[in-house]
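Here's a quick tour of a protein model, looking at how its nonpolar residues group and how its strands line up. Have a look at the fold before reading on.

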Amino acid sequence: MATYQFAYHMSGLTKTYAGGKKVLDNVHLSFYPNAKIGVLGVNGAGKSTLLRIMAGLDKDYSGEAWAAEGVRVGYLPQEPKLDADKNVRDNVMEGVAKQKAILDRYNELAMNYSEETADEMTRLQDEIEAQGLWDLDSKVDQAMDALRCPPDDWDVTKLSGGERRRVALCRLDPDRHP
Ligand SMILES: Nc1ncnc2c1ncn2[C@@H]1O[C@H](COP(=O)(O)OP(=O)(O)OP(=O)(O)O)[C@@H](O)[C@H]1O
Ligand SMILES: [Mg+2]
């Protein structure tokens, strides 16, 4: 039986866009867990094309490309979009919307306890513990500090390109793609 050594593996990958433009031709690339890799190339060389394929966003190619079982892939687009109606903090919180919803529901039930919702509360509590969500807000604080995000209440429409990317990076949720 094959054991997964590589975190990611690509072989003989060729990408041709509609219209016949061949952007990637017979690419081979494999790497181990914890590798940090940069992809270099002039504008239009096909870097974003390659990364979109690696993220599973583009499945229209020939050749082989896979991430090892259990590997989660996050993709930050080159020009990330932020929600202009939300401040920095609320944009970041979009990345943990599912986790936040679990906590909110738990708190809602906890405020008026009843027999009917006891099972649901137990399930939610298990989920919160399994995912370590009790301190979700402070985890978000830590992530925002580590990535040097601008202050929580800043207007995202007035951020610099670099600041926007930090907010978008902090919001990144591997299970969801823009
Ligand atoms: N959807 C598409 N349809 C047709 N051609 C495309 C499409 N997307 C990209 N291309 C072309 O494929 C080539 C590679 O584009 P890609 O975005 O991968 O380049 P890149 O290396 O990321 O460039 P940059 O450094 O400017 O970000 C470019 O010539 C681009 O015009
Ligand atoms: Mg690009």
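A nonpolar core here means a set of buried Ala, Val, Leu, Ile, Met, Phe, Trp, Tyr and Cys residues joined through C-beta atoms within 7 Å. Keep in mind that this is a predicted model.

With that in hand, the largest nonpolar core comes to 11 residues: L82, V88, V92, V96, V140, M144, C149, V156, V167, A168 and C170. Three helices, α2, α5 and α6, each put in at least two residues of this core, and α6 gives the largest share, with 3 residues. Zoom in on V140 and you'll find it touching V92, M93 and V96, leaving aside residues up to four places away in sequence. There's also a second, separate core of 5 residues, with M10, L24, I53 and A65 among them. As a rule, nonpolar side chains in soluble globular proteins tend to be buried together.

Now for the strands. Three of them make an open sheet, ordered β2-β1-β3, with antiparallel pairing. The edges belong to β2 and β3, each of which pairs on one side only. Ignoring direction, neighbouring strands in this sheet are turned by 25° against each other on average. Strand β1 is joined to β2 by 7 bridges, and the two run antiparallel. Along that pairing, T16 sits opposite K22 in β2.

Here's where the sheet's strands fall along the chain:

| Strand | Residues |
|---|---|
| β1 | 8–17 |
| β2 | 21–31 |
| β3 | 62–67 |

Conventions. Residues numbered from 1 in each chain as written. Chains lettered and ligands numbered in written order. Predicted model: local features only at pLDDT ≥ 70, side-chain atom pairs only at ≥ 80, totals over all residues. Buried ≥ 20, exposed ≤ 12 C-beta atoms within 10 Å, placed from the backbone. Helix = DSSP H or I, 4+ residues; strand = E, 2+ residues; numbered from the N terminus. Contact = placed C-beta atoms within 7 Å. Pairing = 2+ DSSP bridges. Axes fitted to C-alpha atoms, helices over the stretch in contact; angles between N-to-C directions.
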